[in-house]
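The following note was prepared for a colleague who asked for a reading of this model.

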Amino acid sequence: MVSSSEESLNNGGMISSPVPSFESVQEMVRSNLPYIPDRFIQRSTDEEEEEDKSRDVDMSVISPQIPIIDLALLSMADADELQKLELACRSWGFFMVINHGIPGEVLERVKNSAAGFFELPFEEKKEYSFDLNESQGYGRPFMASEEEKLDWSDSLSLRIHPYHFRRLKFWPTTPPDFRENLEAYSNEVRKVAEKLLAGSLSLMMGMNKGGLLGLHQEIEQSFRLNYYPICQNPDQVIGISPHSDMTSISILLQDDDVTGLEIRHVGGWVPVKPIPNSLIVNIGDVIEIWSNGKYKSIEHRAKTNEKKARMSLAMFFMPARDAEIEPLDHLLDPRGSKRKYNKVKYGDYLAHSLSKKIEGKTNLLLSKSKDQPQEF
């Protein structure tokens, strides 16, 4: 569990003043900086503020929680559970997985190791500083310009699979069990991803078992550990800006007792309340393209709070860089529905998306057909 012992920011004034460093939000909080730097303040017009208020409605009257899927039932080809999964992917783009088979101690150990890393002194964490050429390391992975607004979070990004993409110089050696526990969790959560992709998601998309695995050529796997420090004025900042994932699927492990993840649904933002030992799975841009928009990647964001820091462990699963992605012929309406997306090489799609700050679903513009409306 992440400690909430950092000193809270006292926002005595929202003045754009010189700041020692934007390298770490956690360090700014620890130093008791007496204001929120302007680079982090999410400014909006009066009209935007009213629109946001209308979206931040109480969605509990519609649904108290995102769909919950039992992976054990899916593994037994339970027809009702498969139907629930299809509805979850079509209507929500997110679902919570229980009975996934990952031992509770594996989940607890990797969370403890992750929390231990963020408890290290800043100078120790800086030994693993983010390398833009490698797209790995500790720090801020996306900063396209000196003017863009920054998210209220710190992160550690690592490439997991294939093994030749790994750069162990970015894998922390403190806490001493960090590498061992991350390795164990990575292997277990990969099994979950492969079960979903090879089994239920392939069947749901009208393919034989293993069909989606073949389209990937080889499943690449990356990891991002996110840390969201407390903020005295959480409504003025955002933990992670709204975005969709450039993946096939993403699997998130989050704190059991702190809500922060929100997803866009029916015009509002729905908070995802944690269930202990569960996993959150979301559909990524790649499956949206393969399904010709039937199953959409959904915008999501992370909020902060003033009482307790939060942590999340995101694992991303995506095709090989040389794989070509486009709508599958058998999912097109035989009556003549148009392809909403063009063919694109996944590596090109990824490079284009990572060349700028990810905002909303603008990354899908690279693949969107010109005769389709550009609405995200």
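In what order do the strands of the open sheet of 4 strands follow one another, and with what pairing? The points below begin with that matter; please bear in mind throughout that the model is predicted.

1. The open sheet. The order is S6-S11-S8-S9, and the pairing is antiparallel. Strand S6 (240-243) and strand S9 (268-271) form the edges, each pairing on one side only. From one strand to the next, the twist averages 25°.

2. The pairing of S6 with S11. Strand S11 covers residues 300-302 and pairs with S6 in the antiparallel sense over 2 bridges. Within the sheet, Ile240 stands opposite Ala302 in S11.

3. The largest nonpolar core. This core comprises 67 residues, of which Tyr185, Leu201 and Ile249 touch the most other members. Helix H7 (residues 178-204) supplies the largest share of the core, namely 10 residues.

4. The surroundings of Tyr185. Leaving aside residues up to four places away in sequence, Tyr185 touches Ile102, Val106, Leu107 and Val110, together with Leu253, Leu279 and Met315.

5. Ser157. This residue is located in strand S4, which spans residues 154-161. Ser157 has a relative accessible area of 9% and is therefore classed as buried, the cut-off being under 20%. Beyond residues up to four places away in sequence, Ser157 touches Phe130, Ser135, Gln136, Gly137, Phe223 and Arg224.

6. Arg166: position and burial. Arg166 is placed in the loop between S4 and H7. Is Arg166 buried or exposed? Its relative accessibility is 14%, so Arg166 counts as buried, again by the cut-off of under 20%. Arg166 and Ser222 are 56 residues apart in sequence, while their C-alpha atoms are 9.6 Å apart in space.

7. Arg166: contacts. With residues up to four places away in sequence not counted, Arg166 touches Gln136, Arg159, Ile160, Trp171 and Glu183. For Ile160 there is a further detail: its backbone oxygen lies 2.6 Å from a polar atom of the Arg166 side chain.

Definitions and conventions: Residues are numbered from 1 along each chain as its sequence is written. This is a predicted model: local features need pLDDT of at least 70, side-chain atom pairs count only at pLDDT 80 or more; totals for chains, interfaces and linings use all residues. Side-chain values use heavy atoms; hydrogens and water are left out. Buried means under 20% relative accessible area, exposed over 50%, partly exposed in between (1.4 Å probe, protein chains only). Contact means heavy atoms within 4.5 Å. Two strands pair if DSSP finds at least two bridges between them. Axes are lines fitted to C-alpha atoms, for helices over the stretch in contact, and angles run from 0 to 180 degrees between N-to-C directions. A nonpolar core is a set of buried Ala, Val, Leu, Ile, Met, Phe, Trp, Tyr and Cys residues joined through side-chain atoms within 4.5 Å. A polar contact is a pair of N or O atoms within 3.5 Å; within protein, one must be able to donate a hydrogen and the other to accept it, and residues adjacent in sequence count only if both atoms are side-chain atoms.
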